[in-house]
Amino acid sequence: MTRTSSRPPVRGRSLIAAAAVLAVAGCGLLALSLHEPFDSIRDMQQPASTATGRTVTAPGTPAATTPAAPAAGSTPAAVSPAPSAVPSTPVLPEPGAGPRADHLVQRALDRALPRDRAAPAEAELTALGNAVWTAEVTGARRRRWPHYFRAPDAPAAYSKVRIQASIARRDRSRSAGAVVHLVWAGADPSGTYLDGRTATVQFARQGETWTPVR
């Protein structure tokens, strides 16, 4: 019996081998061409400092310096904030602390607005402002300032009034004017007593006297 060889001729084997090499090379080029667009998309989606290991900046802008990453296993050092001047907060008494705590309110009011008048002038203005505001809320001695109180006989609204603290400062909205800032306590018409109420009284200089104005 004559045996027939299963192997192709030598020339046929050479053609098959060449075709296989070309197929492998073509697959490799196709894989590279498909891989590059995905790398570009991934680079755009990731932060510039981690996508490609370089910092990407817009044209015409200086490149930002990327801090070096800490070594593996090391603990990053804590960064202490720069010291800054923290203004001292005035200590205020608890609500309802009573007259014994009024000096704390006065101290807080003095710190809130720096003094811009001589002490004698401020004392005169604060005394006058206290009197005007007391007349405002209680009705007492309103006729002393007829141009300020157009209805001096109007019923009083508050009782048990106490001026806790007051300061006098220049009135920036009025030439040669002054304003007295008050903190006071009193019972409203319903009988509710509260301290820490605030008010202001404005004054204008007329000759040698201070006159309250609205």
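This is a predicted model: local features need pLDDT of at least 70, side-chain atom pairs count only at pLDDT 80 or more; totals for chains, interfaces and linings use all residues.

Leaving aside residues up to four places away in sequence, Arg162 touches Gly98, Pro99, Asp102, Trp184, Ala185 and Tyr193. One of these, Trp184, is 22 residues from Arg162 along the sequence, while the C-alpha atoms of the two are 5.6 Å apart in space.

Arg162 itself lies in strand β1, which covers residues 159-171. This strand belongs to an open sheet of four strands, arranged in the order β1-β2-β3-β4 with antiparallel pairing. Strands β1 and β4 (209-213) are at the edges and have a single partner strand each, so one side of each is left without a neighbour in the sheet. On average, and with direction ignored, neighbouring strands of this sheet are turned by 35° against each other.

At the other end of the strand order, β3 (residues 193-206) pairs with β4 in the antiparallel sense over five bridges, and Phe203 stands opposite Pro212 in β4. Helices also pack on this sheet: α3 (residues 102-112) touches β1 and β2 (177-187), and the direction of α3 makes about 20° with that of β1. Helix α4 (residues 119-138) packs on the sheet as well, touching β1, β2, β3 and β4, with a direction that makes about 140° with that of β1.

Stepping back to the protein chain as a whole, we find four helices and four strands, which follow the pattern α-α-α-α-β-β-β-β when read along the sequence. Among the contacts between residues at least 6 apart in sequence, 47% join residues at least 24 apart. Of the 214 residues in the protein chain, 22% are buried, and the chain exposes about 15,700 Å², with carbon and sulfur atoms supplying 61% of that area.

Notes:
Residues are numbered from 1 along each chain as its sequence is written. Side-chain values use heavy atoms; hydrogens and water are left out. Helices (H or I, at least four residues) and strands (E, at least two) are DSSP runs, numbered from the N terminus. Contact means heavy atoms within 4.5 Å. Buried means under 20% relative accessible area, exposed over 50%, partly exposed in between (1.4 Å probe, protein chains only). Accessible areas come from the Shrake-Rupley method with a 1.4 Å probe; for residues, only the protein chains shown count as cover. Two strands pair if DSSP finds at least two bridges between them. Axes are lines fitted to C-alpha atoms, for helices over the stretch in contact, and angles run from 0 to 180 degrees between N-to-C directions.
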